[in-house]
Amino acid sequence: MAPIVGKAKAAVDISIAYLTGIRHLFHRPYTLRFPQQRYAVEKGYRGRHLLHLDRCTGCGICAWICPEKCITIVPRGQRWYPQYFYGRCCFCHFCTDYCPEFALEETVEYDIAEYTRDRLVWSPERLSKPPVKKDDKYVFSVDTIGGASQVPRKEE
Amino acid sequence: MSLSHEREDDIIRKLKENFPSGIKETNVIRRARLEVTVASEKIKDVAIFLRDKLGFDHPNGVSAVDYNRENRFEIVYHISSIGIKEMRDLVLDLKESVPRNAPKVGSLVSVWSGVENYERESFEMFGITFDGHPRLEKLFLTDNWDGPPPLRKDIRFPTD
Amino acid sequence: MPAQRPAQEEDPVATLAEGLSIWVGKLSDLVKKVVDTGPIRNVINWARMYSLWPVNITTACCSAEFGAASGARHDLERFGVLPIGSLRQSDLIVIEGTITKKMAKRLRMIYDQMALPRYVIAMGDCAMSGGLFHDSYSIVNGAHEFVPVDVYVPGCPPRPEALEQAIIMLQEKIRRSKVYEQG
Amino acid sequence: MSAPPKPVPLTTVESTETSDSGAQTLTLSVGPQHSGSGHMRLIVEVDGDIIVNVAPDPGYVHRGIEKIIELRNIIKSIPVIERPSIIDASNLNHAWVRSIEEIQGVEVPRRGQYLRTLLNEMNRIMSHLYWLSIYGVFLGHTTMFMWPLGDRELFIDLAEKLTGARITYSYLVPGGVRRDLPPGFAEEAVKRTEYFEKRLKEYDRIFFNNPLFTSRAKGIGVLSKEKAIDLGCTGPTLRGSGVDADLRKDEPYAAYPELDFEVSTRPDGDSFSRAMVHMDEMRESCKIIRQIVKKIPAGPIRRKAPIVLPRGVAYGRVESARGECSFYLIGEGGDKPYRARYITGSYRNMAAIPAVLLGNRLADMPTAWWSIDYWPVEADR
C-alpha cells in the first residue's frame, strides 16, 4: 500500500503547489514599472553628493578618508574644491561624515549613468547643483487588499 | 563571563606535560583564545594529540604571517572544537616558525583534511612549501601568474 | 605551406569573379544604404532594442543587484532583457563588477564568440576603473581596457533602477545609430 | 574515514565505454560561464554520468583583499571588507569591527549592539533569500527565482531606511554604528516580518513540499557529520549534517545573549536538509527582529574609538549567513593592520564541494552544489 500512499501524497502536494501559483494570478502587481513609477527614496539615502560651495574650505579631509581615491581637490580661482570621479565612488559617504564644515550632503539622486567615461567626472560646479526633483512617490505596502503591492506614498 | 582562565591553563598544562621539549611558548590572549608555539618537527605529534585527546576536531583556518624584519614566516593553525559543546567558543592558535629563505614545513592534511585549501593558499601567496600535501598547486591566482608570491611584505605592486 | 601559384594573366574566370565581386560589393553598399535610410532601419533597430538578451556571465558582486533587477520588483523582462545561458544567442554583456585578470581572458573570449551586434554595459565602479580594488595585484582597472563599452553605470553596486535607466539609455543609443555600425 | 557516498545504480549508461585514448573517464569543465549562476569553475571527471572526481577551480573573483587591507587605514577598509559578500555585508563588517574592538578594548553601547544585531539578522534573511532564488535558477523553477528576490526587497527597503544604502551599508564602525533608528521603523519591521512569515508558508507549499523539488534533493549530496567536522565546514552546511554549532549560541556576541532563538539542525546531511536549515533560520531571524525592535534600549549608539590599531592580536569571529567569518588581526600600533587574515564561510565550505558531489550523477550536480550555499566572491576574497 505504501507506494500508492506516497503517490497520492505527491499528487496532493503538486496540486497544492499549482493552486498556490494560480492564486497569485489574482494578486495585485508586485512590479514597480520604473520609468513611469519611481520608488520613493527617502532623505538620508546615500546617492550622489551635493557640495555647498560656500561652506567648503578645501581642506581635503574628504580626499584623505575616501577609500577609493575618487576625490581630487581642484583649484577654482583662489579656492580649492573637491571633484568627484563617479566611476570610482562607492557611495560609502565617509566623506560626508568626516567633513568638518558640513559642506557635503547626501542626495537621493542615483541614476547618473553616462555613455562615456569622462562624463563621469563631476566638477565642483556640477556637484553644487541640487538634484532635479523627480516624481518618486511609490512605496511598497504590505497591507493593501489583494496582496502586497506598490502604492503611492501617503502624504502627511 | 568569568575572568579566570581555568580551561585554557588546563589545556596548556596538558600540552606541556606531554611535550616538554616541543612546546616553545604559550600565551593566553584572552578568555577562549590561546596561542601555542611549537617546534616545527613536533607539530604533527602535537596536532594529533590535540585532535585525539583534547577534542580539537575542527580546522578553523590557517594563516601565514610574514615577519620580514625577523626573517621568518609564521604559520598559524586556528583550531577549534565542535564535538565538545562546552569548548566551541575556544580557538587555539597552533604556531610554528620557518626561516624565510627556506620556507618548508610538514603538511597537516593527514590530521585535519580541511586544512588542504588553506595550506594551498599559503603556498600560493607566500611561497611556503608544505611537505606531504596532496595537491600543492595554484588556487586563486591566474594560471600564467609569473610575479612573486603577492602577500609577502616586501612585495609592492605599482598603484595608479 | 602550399606552394605558391604562379601568377596567371588573362584568366577569364578570375576576371569574371573579380568583376562579379565588385558588382556584388556595390550592390551590398546599395543595400546597406537602402537599409540605413528610411523605415527599414527603424524596424531593425526596434527589433534590436527590445530583445537585448544578456549573456549569463557574472564577474563579481554586482551580480546581486543584477539578480534583484531581474527579480519580481524590478522586472527586467519588461525591457526585453532576459538573461540566457547560451552566449551565441545573446546580444548584451552586463559586466557585473570587478574583472580579475583570470576572468578578463574568459570575458574577452565570450565577447569574441558572441554574434554581431553586441553591446556592453559596464555596471559598477570596478568595471569602470577598478573601484575599491584599484591597487590590487590581480584585477584589471576597468572593462574599457579590453572591450568597447556602450554605457557606464556608476554605483557600488548601482541600484536596480540605475541599471534599468542604463538599459533605456542603451536602447536610445541603438535607436539612433546606423544598422551596420552597431556592436 | 566516513560513510561512502550513496551508491547510484548504473543502469542507463555503460561505464565501460572507452574513448580513443583508452581512458575510461571523461573530464568536463563546467564554467565559468554556465547557465546557473556564479563565477566558478568545476573540473569534473565523469565515468558514464557518475562523478568520480571533482576539482574546484576558484579564483575568478580573487581581488587580493588581504593585501589591500594591509595597505589601508582601518576605517577605509570597511567598504572593502563588505564587498566579498554584499548580500551579507553587515555580518562580514561585524567580524572586522569586532576584532578591531577587541584589540582596542572599546566597548560598544548596548543600543549600538542591538542595532548591529538587527542589521545582521535582516542581512541573514536577505542572503538566504538570494541563495533560494539562485537555487530556483539552478533547478529551473522560475517562480522560486522571482518570489524570493521580490520578498528580499521587503528587508532591503527596511535596511535602506536604517542605513541609507540598499545592500552595501558600511554601517558598523569601530565603537558602534553610524545612524540611529528612523521613526516608524519598529511598526514597519513587525508588519513586514509577519507578512514574510506568511510568505514562507507559501514557499513551503510551492517548493519545499513540492515533489518536483523533494525528489531531486532528498538523498542527493550526502555529507556525513564526521566528514563535515573534519573538513572544517560551518554554517548551514554543518547544521544540515546534524551538528548544532552556531556561534550566536556558542560564543554569544553583540545582543545575542539577551535574545531568544533556536539553532535549527537537520540530521540527514543531504541537499534537502541543508535547504530546510536555511528556511528554519529565516523563521528564527524574523522572530529575532521582532524581539529586537521591542527590547531595544535607549542610549547612545556609538562610543568614540581611536582610529589607530594598537599592538595586539585578535581572532574575531561571527556567524555570518554562510557560516563562520573570522579575522586574524595583528596590530602594530599604526593605523593599518600588520596582517589581516580573512577567512569567510564560503571559503571554509569550499572543501565540502568535492565531498558532496562525488558519487552523484552529473544531472544532480546543480542541486548538490548550490545546496552548500557557496558564494564564489566570498570564497575568493
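In chain B, 5 strands make an open sheet of mixed pairing, in the order E1-E2-E5-E4-E3. Strands here are DSSP E runs of at least two residues and helices are H or I runs of at least four, numbered from the N terminus; two strands pair if DSSP finds at least two bridges between them. E1 and strand E3 (58-67) of chain B sit at the edges with a single partner strand each, so one side of each has no neighbour in the sheet. On average, and with direction ignored, neighbouring strands are turned by 20 degrees against each other. Angles run from 0 to 180 degrees between N-to-C directions, with axes being lines fitted to C-alpha atoms, for helices over the stretch in contact.

A word on the model: it is predicted, with local features needing pLDDT of at least 70 and side-chain atom pairs counting only at pLDDT 80 or more, while totals for chains, interfaces and linings use all residues. Residues are numbered from 1 along each chain as its sequence is written, and chains are lettered from A and ligands numbered from 1 in the order in which they are written.

Back to the sheet. Strand E1 (residues 23-30) and strand E2 (residues 33-38) of chain B pair antiparallel over 6 bridges, and B:Val28 has B:Leu34 as its bridge partner in E2(B). Their hairpin has 2 residues between the strands, and B:Ala32 takes a positive phi near 70 degrees there. Strand E4 (residues 72-80) and strand E5 (residues 91-99) of chain B are also antiparallel, over 9 bridges. Helix H2 (residues 43-52) of chain B lies across E2, E4 and E5 of that chain, at about 170 degrees to E5(B).

Now for the chain pairs. Of the 5 pairs in contact (C-beta atoms, placed from the backbone, within 7 Å), chains C and D share the most contacts. There, 31 residues of chain C meet 32 residues of chain D. On the chain C side, helix H3 (63-70) and helix H4 (101-113) each give two or more residues. Chains A and B, on the other hand, don't touch; their nearest C-alpha atoms are 10 Å apart.

What about the inside? A nonpolar core is a set of buried Ala, Val, Leu, Ile, Met, Phe, Trp, Tyr and Cys residues joined through C-beta atoms within 7 Å; buried means 20 or more other C-beta atoms within 10 Å of a residue's own. The largest core has 228 residues, with C:Val153 and D:Ala352 among those with the most contacts inside it. Its largest share, 15 residues, comes from helix H4 (residues 110-139) of chain D.

How values were computed
Contact = placed C-beta atoms within 7 Å. Buried ≥ 20, exposed ≤ 12 C-beta atoms within 10 Å, placed from the backbone.
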